[in-house]
Amino acid sequence: SKSSEEIKQQNSELSEKVHSLVSQNSAMKLDMEDLHKKLEMAELMIQQFSTQAGSLDANQQLQMALEEKLSLETQVAQLTESLHQLQAERDQYVEKLKEEGSIWQQRVQQLSEQVHAMAEEKEKHMAQIRELEANITEL
């Protein structure tokens, strides 16, 4: 029985290790796929530069690369600014929704109190009606 329990425990531990290794393997496969894609992109860039090298000298290639870098940096700056604006708008909407929610909650509370007050008033009127009916019956 002890041996069986020990084997079950070992089996469980080994199963966890296998699961962990499978997860690591999957992660490594994804990393490998990413690296293959990056390698393909690098090879394409090398081919482009080698075909352009015949027509452009290194200074022109450098100038083109710098211009592209500046263009990309400008795009990143614009996108970052847009992101900040969208986040600010989102925050404003969230605040507005909170305020409106609070207003509606107050309104619901007021209406609930009014309903409660009207129910009490109705009960008073019903009691008066019963009392008057009793008086009429007595008369």
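Helices here are DSSP runs of at least four residues, numbered from the N terminus. Keep that in mind as you move through this predicted model.

**Stop 1: the whole chain**

Select the protein chain and colour by secondary structure. Turn the view along the principal axes. The C-alpha atoms fill a box of roughly 120 × 70 × 15 Å.

**Stop 2: the surface**

The accessible area of the protein chain is about 13,200 Å². Carbon and sulfur atoms account for 58% of that area. How much of the chain is buried? Buried residues make up 1% of the 139 residues.

**Stop 3: the charges**

Colour the charged side chains. The protein chain carries 14 positive and 26 negative ones. The centres of the two sets lie 6 Å apart.

**Stop 4: the annotated span**

Select residues 78–139. An unreviewed UniProt entry places the feature "domain: Golgin subfamily A conserved" here. This span is 98% helix and 0% strand. Now pick the C-alpha atoms at its two ends. They lie 89 Å apart.

**Stop 5: the first pair**

Time for side chains. How many salt bridges are there? The count comes to two. Select glutamate 73 and lysine 69. Their side chains meet in a salt bridge, with 3.8 Å from N to O. A nitrogen and a carboxyl oxygen must be within 4 Å to count, so this pair qualifies.

**Stop 6**

Move on to aspartate 91 and arginine 90. Their side chains also form a salt bridge, at 3.1 Å from N to O. Check the exposure of each partner. Aspartate 91 has a relative accessible area of 44%, which makes it partly exposed. Arginine 90 is at 48% and also counts as partly exposed. The cut-off for exposed is over 50%, so arginine 90 stays in the partly exposed class.

**Last look**

Zoom out to the whole chain again.

How values were computed:
Residues are numbered from 1 along each chain as its sequence is written. This is a predicted model: local features need pLDDT of at least 70, side-chain atom pairs count only at pLDDT 80 or more; totals for chains, interfaces and linings use all residues. Side-chain values use heavy atoms; hydrogens and water are left out. UniProt positions are given in the numbering used here, feature names are shortened, and annotations may be inferred rather than shown by experiment. Helices (H or I, at least four residues) and strands (E, at least two) are DSSP runs, numbered from the N terminus. Buried means under 20% relative accessible area, exposed over 50%, partly exposed in between (1.4 Å probe, protein chains only). Accessible areas come from the Shrake-Rupley method with a 1.4 Å probe; for residues, only the protein chains shown count as cover. Lys and Arg count as positive and Asp and Glu as negative; His and the chain ends are not counted. The place of a charge is taken as NZ of Lys, CZ of Arg, CG of Asp or CD of Glu.
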